[in-house]
Amino acid sequence: MPERLFVCTPSKLGAFEDCPRRYRYSYVDRPSPPKGPPWAHNSLGASVHTALKNWYALPADRREPEALPGLLKATWVREGYRDVEQERVAYRAALRWLETYVRGLDPLDEPLGVERVVATKTSVLAFNGRADRIDARQGPDGPEAVIVDYKTGRSGLDADDARGSQALALYAYAAQRVFRRPSYRVELHHLPTGTVASHEHTEESLARKVSRAEDTARDIMAAERAVAAGADPDAEFPTNPGALCSWCDFRRSCPAGQEAPAKDQWESVNHLTV
């Protein structure tokens, strides 16, 4: 019998690559250990992403910066902030980013997809993922699909970030098959700085990313089989201590995570100013 395909998303693969123990807590243990409180930076990012999604849902003649305050207010996620004042500062910063960003967009452009799920299969994976935006652009050899990912974190991004992103590469690989057109260009749009980091993949570089994802899937399936057969879960899903431990949802449940310095849930948005 052929082995069952590993059903995955970019976040599922990324969780294992970052820390196998975090993967186990998220996807294997039932019940899953309790998570810590919500993070303000996640609330901020979700609010901005949803506002942009709803901006594209408007008729083209209403896609103006003036529509953004209402869209952002309607989608605003309030969890994780230190207090009302910090939340207000974050809201004003997000609105400023959005207004600057949409002024650089053509409101008449209709993307191939916004928050679009793309899916494909390989001999190992049954992959699906939700891309922030997939643009239809004219390439040198005809229509192309370009993967766009919004970022709202503190740090700027460069071409190495776009080149190294497995998630963007998997979106491009899947988009080729869904839309039946080339998809090699991937872009990270960093809204706080208004910068775009891009990379142009090749068939070979996409194949390498897919192969890496398949290797990760094989490691996950092997660990899950071992645990099901009675192996020690801690040995099969070891910790990967590092800076990410302080930001992990499961820090309080993980012995290695508890050794990392705790972060306040609002700490990552402290740098925002009016």
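Helices (H or I, at least four residues) and strands (E, at least two) are DSSP runs, numbered from the N terminus. The structure is a predicted model, in which local features need pLDDT of at least 70, side-chain atom pairs count only at pLDDT 80 or more, and totals for chains, interfaces and linings use all residues. Residues are numbered from 1 along each chain as its sequence is written, and side-chain values use heavy atoms, with hydrogens and water left out.

The chain contains 10 helices and six strands. Its radius of gyration (taken over C-alpha atoms) is 20 Å, close to the 19 Å given for 274 residues by the globule rule (2.2 Å times the number of residues to the power 0.38), so the chain is as compact as a globular protein of that length. The C-alpha trace spans about 60 × 50 × 30 Å along its principal axes. Of the 274 residues, 45% are buried (under 20% relative accessible area, 1.4 Å probe, protein chains only; exposed is over 50% and partly exposed in between). Among contacts (heavy atoms within 4.5 Å) with a separation of 6 or more, 67% are between residues 24 or more positions apart.

Helix α3 covers residues 40-57; its 18 residues should span 26 Å at 1.5 Å a residue, and its end C-alpha atoms are 26 Å apart, which agrees. The expected span is 1.5 Å times one less than the number of residues. Buried residues of α3 include Leu-44, Val-48, Leu-52 and Trp-55. Their cover includes α4 (68-75), α5 (84-102), β2 (113-121), β3 and β4 (142-151).

A nonpolar core is a set of buried Ala, Val, Leu, Ile, Met, Phe, Trp, Tyr and Cys residues joined through side-chain atoms within 4.5 Å. The largest such core has 35 residues, of which Phe-6, Tyr-23, Leu-125, Ile-134, Ile-147 and Tyr-171 touch the most other members. Elements giving two or more residues to this core include β1 (6-8), α1 (10-18), β5 (185-190) and α8 (203-228), while α7 gives the largest share, nine residues. Leaving aside neighbours within four places in sequence, Tyr-171 is in contact with residues including Pro-10, Val-118, Phe-127 and Ile-147. A second, separate core of 30 residues includes Leu-52, Leu-98, Val-102 and Tyr-150.

Ala-126 lies in strand β3 (residues 125-139) and counts as buried at 15% relative accessibility. Not counting residues up to four places away in sequence, Ala-126 touches Leu-5, Phe-6, Val-7, Cys-8, Thr-120 and Lys-121. Val-114 is 12 residues from Ala-126 in sequence and 21 Å from Ala-126 in space, C-alpha to C-alpha.
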